[in-house]
Amino acid sequence: MSARPQIGIIVGSTRPVRVGRPVADELVALLESAGADAVMLDLAEIRLPLLDEAMPPASGVRTEPHTIAWAGRIEALDGVVFVTPDYNSGYPAALKNAIDYLKSEWVAKPAIVVSYGWAGGRSAAAQLSAVLGYIGLALQGEGVQMPFASTDFDESMRMIDASAFVGRSEAALRESVELLVSAAAEELVAA
Ligand SMILES: Cc1cc2nc3c(=O)[nH]c(=O)nc-3n(C[C@H](O)[C@H](O)[C@H](O)COP(=O)(O)O)c2cc1C
């Protein structure tokens, strides 16, 4: 029996009340039905400080315990789903910080970008995809952009039903996740 690919879901937003985590939670079942194990990597829980390594990540030198732990978590993955909101036409600073900590751990890792926002988070997705491509992740397809409707939120701007919101993009998500899991499975076989 071949091992199931380990796919990380990186939650790029860290606000105390956010859409990112419930959206990420909805992706677990999709990954599992595509044949992968989902590994939740919530940056609000991981709480990386602002990059504090003396040497640049391309040097391969990792000294701080939080860097070594983060590197180990990414190294252990066969693929990554980046979940990002659109913050002022870009992706969150916490996500950029988490990416910038590492280099070789990301290279050739199959990945997709799942974004959300009033225009589906397309600016954030474009910006993030450019950075991930620069680093050398193996982006699979175009990813998925999930647009909000005003009825998704209550008067305190809390999302009413993340499952219904994600459900509107289910077909695209399923397709994108299957692409990712099959690329990750190929890497596993080749390893
Ligand atoms: C700092 C900030 C900037 C934002 N800028 C945008 C934006 O440029 N485009 C957009 O569609 N929504 C924008 N929004 C609204 C977010 O899409 C919405 O708050 C979403 O829930 C953020 O994701 P999160 O809840 O996971 O943090 C912004 C929200 C924040 C907090």
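Predicted model: local features only at pLDDT ≥ 70, side-chain atom pairs only at ≥ 80, totals over all residues.
I started at Ala-108, which comes out partly exposed, with a relative accessible area of 39%.

Still on Ala-108, I looked up the backbone. Its phi is positive, about 75 degrees, even though Ala-108 is not a glycine. I then checked where Ala-108 sits, and found it in the loop between α4 and β4, the latter being residues 110-117.

Next I went to Ser-89, another residue with a positive phi that is not a glycine; here the angle is near 70 degrees. Ser-89 lies in the loop that runs between β3 (79-85) and α4 (93-100).

Then the ligand. I asked myself which residues are the closest to the ligand. They are Ser-13, Arg-15, Val-19, Tyr-87 and Tyr-116, out of 14 residues that surround it. I sorted the shell by type and got six nonpolar residues, five polar and three charged.

For Tyr-87 the side chain is what matters: one of its N or O atoms is 2.5 Å from an oxygen atom of the ligand. With Val-19 I had to look at the backbone instead, where an N or O atom lies 2.7 Å from a ligand oxygen. Trp-118 also uses a backbone N or O atom, at 2.9 Å from an oxygen atom of the ligand. How much of the ligand does the protein bury? I got 72% of the 600 Å² that the ligand exposes when taken alone. I also checked the pockets, and the space taken by the ligand is the largest pocket.

Last stop, Glu-45. I found it in helix α2, which covers residues 43-46. Buried or exposed, I wondered about Glu-45? The relative accessibility is 55%, and the cut-off for exposed is over 50%, so Glu-45 counts as exposed. Its side chain still has a partner: I noted a polar contact with the side chain of Arg-21, at 3.0 Å. I also took a C-alpha distance from Glu-45 to Thr-63, which is 18 residues away along the chain, and got 21 Å.

Methods. Residues numbered from 1 in each chain as written. Heavy atoms only, no water. Near = heavy atom within 4 Å. Polar contact = N/O pair within 3.5 Å; in protein donor to acceptor, adjacent residues only side chain to side chain. Areas by Shrake-Rupley, 256 points an atom, 1.4 Å probe, with all protein chains shown as cover. 1 Å grid on protein atoms, 1.4 Å probe; cavity = no way out; pocket = protein on both sides within 12 Å on 5 of 7 lines; lining within 4 Å. Sits in = over half its atoms within 2 Å of the grid points. Nonpolar A, V, L, I, M, F, W, Y, C, P; charged D, E, K, R; others polar. Helix = DSSP H or I, 4+ residues; strand = E, 2+ residues; numbered from the N terminus. Buried < 20%, exposed > 50% of the residue type's maximum accessible area, 1.4 Å probe, protein only.
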